[in-house]
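This report describes a single protein chain for a reader who has its sequence and 3D model at hand. Please look at the model before reading on.

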Amino acid sequence: MCAAALAALTAAAPARAHQRPHWELKDTTGAGASDVRYRGLAAVSRHTAWVAGTQGTVLRTTDGGDTWRNVSPPGAGELQFRDIEAFDARRAVVLAIGEGEASRVYRTDDGGATWTESFRNTDARAFYDCLTFFDRRHGLAMSDPVDGKFRILSTSDGGRSWKVLPSEGMPAAQDGEAGFAASGQCLVASGPKDVWLATGGAARARVLHSADRGLTWTASDAPIPGGDPARGVFALAFRDRAHGLAVGGDFRPDQTSPRAAARTTDGGRTWRPADRPAHSYRSGVAWLPHSRTTALAVGPTGTDLTTDGGHTWRTVDPGSYDTVDCTPDLGCWAAGEQGRVARLKR
């Protein structure tokens with residue numbers, strides 16, 4: 001569904017429930033366990049998507065979600081995959097999170113038939129949360145702070161090998177500051193060199209930005225509340241190097257999440273709170289393709305839509321999802337708990 005159609009549907013009054021943009025659930029139970037939580041999502045097209053989650057599970061579809069194939073790396077059943085980046089139907093890179101050696105990266109070049117472990121963390125102090133790619137060769141992964149600074153891994157060969165970048169260009173972390181491995185969107189790139197890192201857990205939620213593929217960074221405060229290990233910015237989305245969205249809040253279901261969305265028009269140097277944010281915690285966000293103003297945000301209590309660049313948000317679907325991703329051919333996918341994967345109904 002194009003952005004103009006979404007805007008028209010949500011502006012209609014009174015709007016019928018079936019007219020609103022909504023997710024069409026896809027049956028993944030034949031390929032993966034029904035209790036798997038998919039926080040990693042890589043949408044390649046309307047037809048092809050990859051999801052990654054608990055129990056070391058990776059699924060792939062090439063027919064729009066009608067059928068799914070379990071392409072999990074062998075022996076990964078104890079791992080938690082929280083991020084996956086795919087270049088096409090055959091090539092993908094997946095990140096497992098956790099302390100010490102639980103943080104790993106795998107790559108496949110044959111649609112998941114075989115996988116190669118390309119990185120295993122050997123530093124007990126590191127905990128990797130997210131990864132992102134600028135293009136098919138250059139990418140980064142981020143760890144929670146080590147020795148007082150966020151740690152950045154870099155690849156220049158499509159995830160086949162990785163190296164830790166020098167930390168001199170990274171500003172000091174706040175006490176308790178970390179990333180949230182909630183949706184694979186705490187580290188996002190736009191264009192050939194720009195990348196942003198979302199934080200929480202400290203006195204102030206922040207967004208860090210690098211314009212040189214992770215060598216040097218600047219930090220900006222975000223208006224999404226911090227001050228607690230469960231609060232902060234959980235996900236970012238940039239439609240170009242200037243215009244970005246941030247969502248988050250407090251992930252505890254018994255806590256409110258005021259001011260859970262923000263926007264920037266200057267590449268993250270400054271952030272403004274949404275005039276009407278989502279009503280509760282949101283863990284994933286994505287711009288709709290070919291739109292300057294329309295985006296989706298998802299979380300355990302529903303999906304919200306903005307048609308004005310993040311100024312206001314309204315709930316359009318009550319289903320639980322953790323992450324969302326859209327493709328240039330107007331395909332939007334979401335994934336979450338209990339094996340839930342869906343594609344936006346056109």
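Which backbone oxygen lies 2.7 Å from a polar atom of the side chain of S283? It belongs to D322. The model discussed here is predicted.

## Confidence in the model

The average pLDDT of the protein is 94, and 94% of the residues score at least 70. Residues 1-18 are another matter, for their pLDDT stays under 50. The model has 27 contacts beyond four places in sequence for this stretch. Where pLDDT is low, predicted coordinates should not be read in detail.

S283 sits in the loop between β21 (272-273) and β22 (284-287). With a relative accessible area of 0%, S283 is buried, because buried means under 20%.

The side chains of R282 and T301 are joined by a polar contact of 2.8 Å. T301 is also one of the residues in contact with R282 when neighbours within four places in sequence are left aside.

## A141 in strand β11

Is A141 buried or exposed? A141 is buried, with a relative accessible area of 0%. This residue belongs to strand β11, which covers residues 139-146. Beyond its neighbours within four places in sequence, A141 is in contact with Y128, C130, L131, R151, I152, L153, W162 and L187. The C-alpha atoms of A141 and I84 are 11 Å apart, while 57 residues separate the two along the chain.

The largest pocket has a volume of about 1000 Å³. It is lined by 39 residues, and those closest to its centre are A43, E85, A189, D325 and C326. Which strands each supply at least two residues of this lining? They are β2 (38-43), β6 (80-86), β10 (127-133), β14 (187-190), β18 (231-238), β22 and β26 (323-326). By class, the lining of the largest pocket holds 24 nonpolar, nine polar and six charged residues.

The second largest pocket holds about 290 Å³ of space. Of its 17 lining residues, R82, F180, A181, F234 and F251 are the closest to the centre. The lining of the second largest pocket consists of ten nonpolar, one polar and six charged residues.

## Two residues with positive phi

Most residues other than glycine have a negative phi. D147 has a positive phi, near 55°. D147 lies in the loop between β11 and β12 (149-155), and its relative accessible area of 63% makes it exposed.

For H290, phi is near 60°, also a positive value in a residue other than glycine. The loop between β22 and β23 (295-299) contains H290. H290 is exposed, with a relative accessible area of 69%, because exposed means over 50%.

Notes
Residues numbered from 1 in each chain as written. Predicted model: local features only at pLDDT ≥ 70, side-chain atom pairs only at ≥ 80, totals over all residues. Heavy atoms only, no water. Helix = DSSP H or I, 4+ residues; strand = E, 2+ residues; numbered from the N terminus. Buried < 20%, exposed > 50% of the residue type's maximum accessible area, 1.4 Å probe, protein only. Polar contact = N/O pair within 3.5 Å; in protein donor to acceptor, adjacent residues only side chain to side chain. Contact = heavy atoms within 4.5 Å. pLDDT = per-residue confidence, 0-100. 1 Å grid on protein atoms, 1.4 Å probe; cavity = no way out; pocket = protein on both sides within 12 Å on 5 of 7 lines; lining within 4 Å. Points joined across faces, edges and corners; volume = space filled by probe spheres on them. Nonpolar A, V, L, I, M, F, W, Y, C, P; charged D, E, K, R; others polar.
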